[in-house]
Amino acid sequence: MNANNYIQSMFAERIGGNRFGKETVIYKFEKIKRAKREAIKEFPDRKFIDLGIGEPDDMADEKIINVLKEEAGVWENRGYADNGIDSFKIAAADYMKSVYGVQGINAESEVIHTIGSKPALAMIPQAFINPGDIALVTVPGYPILATMTEWLGGTVYRLPLLEENNFLPDLETIPKEILEKAKLLYINYPNNPTGASATYDFYKKVISLAKENHIIVVQDAAYAALTFDGEKPFSFLSVEGAKEVGVEIHSLSKAYNMTGWRLGFLVGNELVIKAFGAVKENNDSGQFKAIQLAGKYALEHPKITEEIARKYSRRHEMLIKVLNQLGFTVMKPKASFYLYVRVPKGILGGKIFRNAEEFSQYLIREKQISTVPWDDVGSYIRISVTFEASGIEEEKKVIEEVYHRLRSEKFLF
């Protein structure tokens, strides 16, 4: 047996075992990437419009960047940050109070920094999931907590997000035997991909469910600060009893155009924070202190986020107008940069779309417009208003081009 053969036999089952690297299934995002490459190659003179990318199209604020530049040259900032610097945690606690109205957060024991929200979602199950335990996870959605739960020998119970329920999970439908084994409930509002926002009453139901069944709530608030039309940012932790049962994950990626900086924080229940810290110590040595100090500056200046949100609000309104003119039925979300759009059944006298993936591939290959398909619960595409455009005039040109490319089609719904 040569080296490659014995290594092939040693992969962990969680990543495919001896089948690793041999699977013929092509996953959604890889299909999108391949189709984009082919479309760009086939139409090199036609600008490709990417409405699928889920990250900001702009740089972080210049003053945030300048703090990073300055602090990166400070001798004291060169070493390990471990579980975070105090000044960032204090800024995070103050941010929760000033932006979300969450009172009484102890910066020392109820806040911990994270290297972005994705690692946080991967580490939380490591602190709580044993083989046989269950995590309740909404779908469609960000899969990391679910993936890690299964890798640890746990089971994932999926809660569908239905349009008729305003894309909130129906907690009353969860079977008793599932609740008895459930340890974690993952929710994400404002939601990716649906753009839906949670209500006060929904959070009260979540807290009641958690208390009655001894479940830890993990609320992913990556988009919570990006609100529109007078809607104020709303935190799970602002609801009475929330800190008794769970934590909230905040990220600077979307709110401050800092995706590549990899910085966020976990805030809430002291015991959950402590357990997370113990796991984190065995996973990383903390984010670069200079980045944390730049993040501190960002959290102290939430008006930066308000300006970013105004841009997304404007783009939402322009794009929604065009989509509705084309026959789609789209409403503006209260927050986030996503639109969740039900796909047509076909085109008059032409193509039939059996699912969202087929419609998404059609848009890429024939219209050079990228979106993200979701067929988990109904067939929808996710459209992001983070497309590349510098200023209002360029935004108008992009959206006018979307209309120009699609207006010849009569979509059937």
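**Helices and strands, term by term**

Tutor: Welcome! Helix 13 (residues 303-325) and helix 15 (residues 392-406) pack at an angle of about 20°, their axes 10 Å apart. This is a predicted model, where local features need pLDDT of at least 70 and side-chain atom pairs count only at pLDDT 80 or more, while totals for chains, interfaces and linings use all residues. Residues are numbered from 1 along each chain as its sequence is written, and side-chain values use heavy atoms, with hydrogens and water left out.

Student: Why is helix 13 called roughly parallel to helix 15?

Tutor: Angles under 35 degrees count as roughly parallel. The angle here is about 20°, so helix 13 is roughly parallel to helix 15.

Student: What makes strand 5 (residues 182-188) mostly covered?

Tutor: Buried means under 20% relative accessible area, with a 1.4 Å probe and protein chains only. Six of the seven residues in strand 5 are buried, so the strand counts as mostly covered.

Student: Why is strand 5 said to pair with strand 3 (residues 134-139)?

Tutor: Two strands pair if DSSP finds at least two bridges between them. Strands 3 and 5 share four bridges, in the parallel sense, so they pair. Val137 stands opposite Tyr186 in strand 5.

Student: How many bridges join strand 5 to strand 6 (residues 216-220)?

Tutor: Five, and these two strands run parallel. Here Leu184 stands opposite Ile216 in strand 6.

How values were computed
Buried < 20%, exposed > 50% of the residue type's maximum accessible area, 1.4 Å probe, protein only. Axes fitted to C-alpha atoms, helices over the stretch in contact; angles between N-to-C directions. Parallel < 35°, antiparallel > 145°, perpendicular 65-115°, else oblique.
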